[in-house]
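Q: Hey, can you walk me through this protein? I'm new to reading structures.

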Amino acid sequence: SPAPSPFGQAAQPSAGRSKKLPVKIIIAISLALVLIVGGTLAFLHLTNPDRVVREALEADTDQSDRAVKYAVEVGPSQPSPASGELDWDSIKLQGEVGWLGQKKQGSGTANISITGKGKTTKLGEVGLATSQGKLYVKFDNTLVHSYFQAISGNMNLASQSTEQSISEDSPDVKVNTPNDQSGQLQGLIKTIADVLVNRWIELDLSKLDNISVDRSVQCSDKLMSSLSKREAKLEMIKILMESKFLNIRNAGTEGDSTIYQVTLNADAWAKVAKKLEDTAAYKDLHKCLGEAQTDSKSFDETPAKKCINGPAGTKCGGGASTNEIEKVSSDKAINSVKQSIKQSGFSAKLWVKGSPIGKHRIAKYNIKTKLFDKQKNITSDYQLDLTVERLDKRPNVTIPSDPITLDKLQGSLAGLLSTSLSSGQSL
């Protein structure tokens with residue numbers, strides 16, 4: 001018989017255990033892989049720039065009330081010898097705005113300054129308010145003085161100190177006129193200023209038919225009104241994102257915000273244009289433009305001509321009368337818009353707050369783009385730089401209780417000027 005082992009009887013592994021242990025290990029490893037891979041994919045999905053920005057844009061449509069501060073500057077897109085000959089290089093507006101979505105009311109301020117020859121001059125402040133289709137404006141004393149100084153040619157930026165503000169106690173504007181007319185003109189200016197300064201003026205936009213306004217501008221206003229609705233905003237966001245019109249990339253962090261850089265994909269505009277044609281907002285715009293062209297025909301005995309806006313300008317064909325408006329999805333319109341997009345140099349930055357498990361929201365955004373010259377149908381030599389930042393507070397909206405209407409203001413000025421004429425204190 002075999003000799004007993006000096007190490008005793010070797011333990012024989014249980015048949016049942018030898019089968020169960022590998023199964024448990026395999027299951028555990030499989031679950032770990034599922035969690036790791038699934039979690040990684042979920043994280044990548046949740047932090048995907050396109051998804052984050054889309055979620056933030058959609059969340060923004062739910063914010064009917066908001067308070068923001070803003071700064072917008074317009075200046076040359078690049079230095080040029082011609083810009084050095086101007087008295088100003090850029091103009092800047094900044095202030096705060098509050099908006100109540102349900103009431104369709106808003107108010108805010110615009111502090112205006114200009115920069116030229118290395119100096120910045122604060123021109124003054126405009127108060128703005130809107131409610132139910134009515135616009136209210138108010139000019140402070142500094143701005144009124146600045147205006148008259150500008151039109152009289154006496155605003156020399158080279159002589160202004162840096163960050164200088166024209167004092168509210170500025171002396172009367174001195175205008176280069178003959179001595180016998182200077183006092184009369186000063187009286188005229190003071191008469192107008194006394195009526196305008198710190199006075200809320202009501203402008204009823206629905207009653208400004210007597211003012212020459214391009215019907216295409218009115219159609220654009222209707223389009224903006226349509227796009228202000230939540231459903232329309234969501235539809236536009238869906239079109240832009242699904243058409244890959246926005247190129248979005250993560251540009252780093254700042255504080256508790258992630259910064260996303262956004263540029264436009266001009267080649268995707270064709271997809272956007274075709275989808276736009278199916279929207280109610282575009283259909284209303286197309287109808288409005290058609291009616292505008294019909295109205296313009298009544299003032300001209302010659303047959304209407306079909307006009308197409310293109311990169312080289314507006315081209316109008318001759319011959320047959322037509323009310324046809326070029327569709328946004330036509331090849332000519334698409335090529336024109338694509339070229340404008342490429343020339344605009346559009347770029348945007350979005351500061352987005354949130355987390356992979358929280359709701360993302362836009363805290364601030366900046367947009368830079370060249371302005372469009374409508375007359376030449378090309379991008380101009382000036383650039384717009386806009387920054388808007390959300391304020392974590394309730395919007396403070398104040399609607400004037402006792403404004404003067406534009407008609408009454410005109411009547412008041414006419415009466416005062418008539419009195420000045422009769423007393424020999426004006427021209």
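Q: What sits over the ring of tryptophan 351?
A: The charged end of lysine 364 does, at 4.3 Å from the ring's centre. Keep in mind that this is a predicted model.

Q: Okay, and how many aromatic pairs are there?
A: The count comes to one. It's phenylalanine 245 with tryptophan 269, and their ring centres are 5.7 Å apart.

Q: Why is that pair called tilted?
A: The planes of the two rings are at 55°, so the pair counts as tilted; edge-to-face would need over 60 degrees.

Q: Where are those two in the chain?
A: They're 24 residues apart, so to speak in distant parts of the chain. Phenylalanine 245 is in the loop between helix H6 and strand S8, while tryptophan 269 belongs to helix H7.

Q: Is phenylalanine 245 buried or exposed?
A: Buried, with a relative accessible area of 7%. Tryptophan 269 counts as buried too, at 12%.

Q: Switching to helices: how far apart are the end C-alpha atoms of H2?
A: They're 16 Å apart.

Q: What happens at the start of H2?
A: A side-chain oxygen of asparagine 48 comes within 3.0 Å of the backbone nitrogen of aspartate 50.

Q: And which residues of H2 are buried?
A: Pro49, Arg51, Val52, Val53, Ala56 and Ala59.

Q: Last one, the big picture: how many helices and strands?
A: Ten helices and 15 strands. Of the 427 residues, 32% are buried.

Key
Residues numbered from 1 in each chain as written. Predicted model: local features only at pLDDT ≥ 70, side-chain atom pairs only at ≥ 80, totals over all residues. Heavy atoms only, no water. Helix = DSSP H or I, 4+ residues; strand = E, 2+ residues; numbered from the N terminus. Buried < 20%, exposed > 50% of the residue type's maximum accessible area, 1.4 Å probe, protein only. Expected span 1.5 Å × (residues − 1). Polar contact = N/O pair within 3.5 Å; in protein donor to acceptor, adjacent residues only side chain to side chain. Phe/Tyr/Trp six-rings, centres within 6.5 Å; stacked < 30°, edge-to-face > 60°. Lys NZ or Arg CZ within 6 Å of the ring centre and 35° of its normal.
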